[in-house]
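Here are my notes on this model, point by point. Please read them with the coordinates open.

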Amino acid sequence: MSAAEEIPDELWRKVLEIGVNSSTFSYKDLCCISISSSRLCRLSSEDSLWRFLLVIDFHTHIDSSTSSSSASQSSTKFVYKTRFEREKERRLAAHTRALLRKESEISEWGRRIRELETRLSEEAERLQAASVEFSNLQRVRQASVALNVWQPEVVRGRQKQMVEQTAVPVEGRLRALEMEIKLCKQQITGVNRARREVKQRFDMARKELESMKYHPLRDYKLIRSGDQASNAKRKKLKTSINFPAKNPSRPSNKKKLLHLESE
């Protein structure tokens, strides 16, 4: 006879009740205990344990009179299993809806990124065209100023032709182009900032979608906190290990070496 078999049923029952009442034992723990032996399977399937789990997990209260009258039809463990399967289906359906919403959100962020990239390319084209026109008008202004001084006829004719081909007032157009270039740069800066923000939200939504697909029955917003809790437990477990202290009576190798050198 093993040591576990020598323990009476009353003590095993008390251990299980304390574990369930203190929320130390969940339904998974009771199921694991039930497969260890036929005796623990019988004790872990008692209605009092599963009635308490029903109240804690599903907020469902079953009177003892009702449970005893319907004991022939179904046990409290079977009621818990039915409610668990129903809750699992409900959570799976909610998870599917959450996936669809998250995929729709990702699609919307992608559409906004494409719109911002299109707008960014348009502003870049406007800036390039304004810069080219601005440099050409600057050369025309320099040519008009150079006509006031003596120059060879070939150079003077070329500059005069350049000035005559310009049909707009140079100074006014230069000021307008300067303002347009400044406005284009401001627009490009704002579009780049908005694109970075949208890209961050897009990447965050994709990570949340991957996490939701990996944990179909967990809330994706709680995964990060759950990981932190597991890391804290792991760190606590490491710090709780008592490593053996060094023997102070035994000298170290360094002390031995110093002692030999002194001799």
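1. Is glutamate 87 buried, partly exposed or exposed? This is a predicted model, so the answer is a computed one. Glutamate 87 is partly exposed, because its relative accessible area is 26%, and the buried class needs a value under 20%. The residue belongs to helix H7, which covers residues 76-146. Phenylalanine 58 is 29 residues away from glutamate 87 in sequence. In space, the two C-alpha atoms are 8.9 Å apart.

2. Ring pairs join Phe58 with Tyr27, Trp50, Tyr80 and Phe84 in a cluster. The count of aromatic pairs is four.

3. Helix H2 (9-21) deserves a check of its length. Its 13 residues should span 18 Å at 1.5 Å a residue. The end C-alpha atoms are 18 Å apart, so expectation and model agree.

4. Which residues of H2 are buried? They are Leu16, Gly19 and Val20. Seen down the axis of H2, the buried residues fall within an arc of 95°, so they line one face of the helix.

5. Look next at the residue just after H2. Serine 23 has a positive phi of about 60° there, although serine 23 is not a glycine. Serine 23 sits in the loop between helix H2 and helix H3 (27-34). Is serine 23 buried or exposed? Serine 23 counts as exposed, because its relative accessibility is 57% and the exposed class starts over 50%.

6. How many disulfides does the model have? The count is zero. A disulfide is a covalent bond between the sulfur atoms of two cysteines. For cysteine 32, the closest cysteine sulfur is that of cysteine 31, at 7.0 Å. That is too far for a bond, because the cut-off is 2.5 Å.

7. Cysteine 32 counts as exposed, with 51% relative accessibility. Cysteine 184 counts as buried, with 0%.

Definitions and conventions. Residues numbered from 1 in each chain as written. Predicted model: local features only at pLDDT ≥ 70, side-chain atom pairs only at ≥ 80, totals over all residues. Heavy atoms only, no water. Helix = DSSP H or I, 4+ residues; strand = E, 2+ residues; numbered from the N terminus. Buried < 20%, exposed > 50% of the residue type's maximum accessible area, 1.4 Å probe, protein only. Phe/Tyr/Trp six-rings, centres within 6.5 Å; stacked < 30°, edge-to-face > 60°. Expected span 1.5 Å × (residues − 1). Arc of directions from axis to C-beta.
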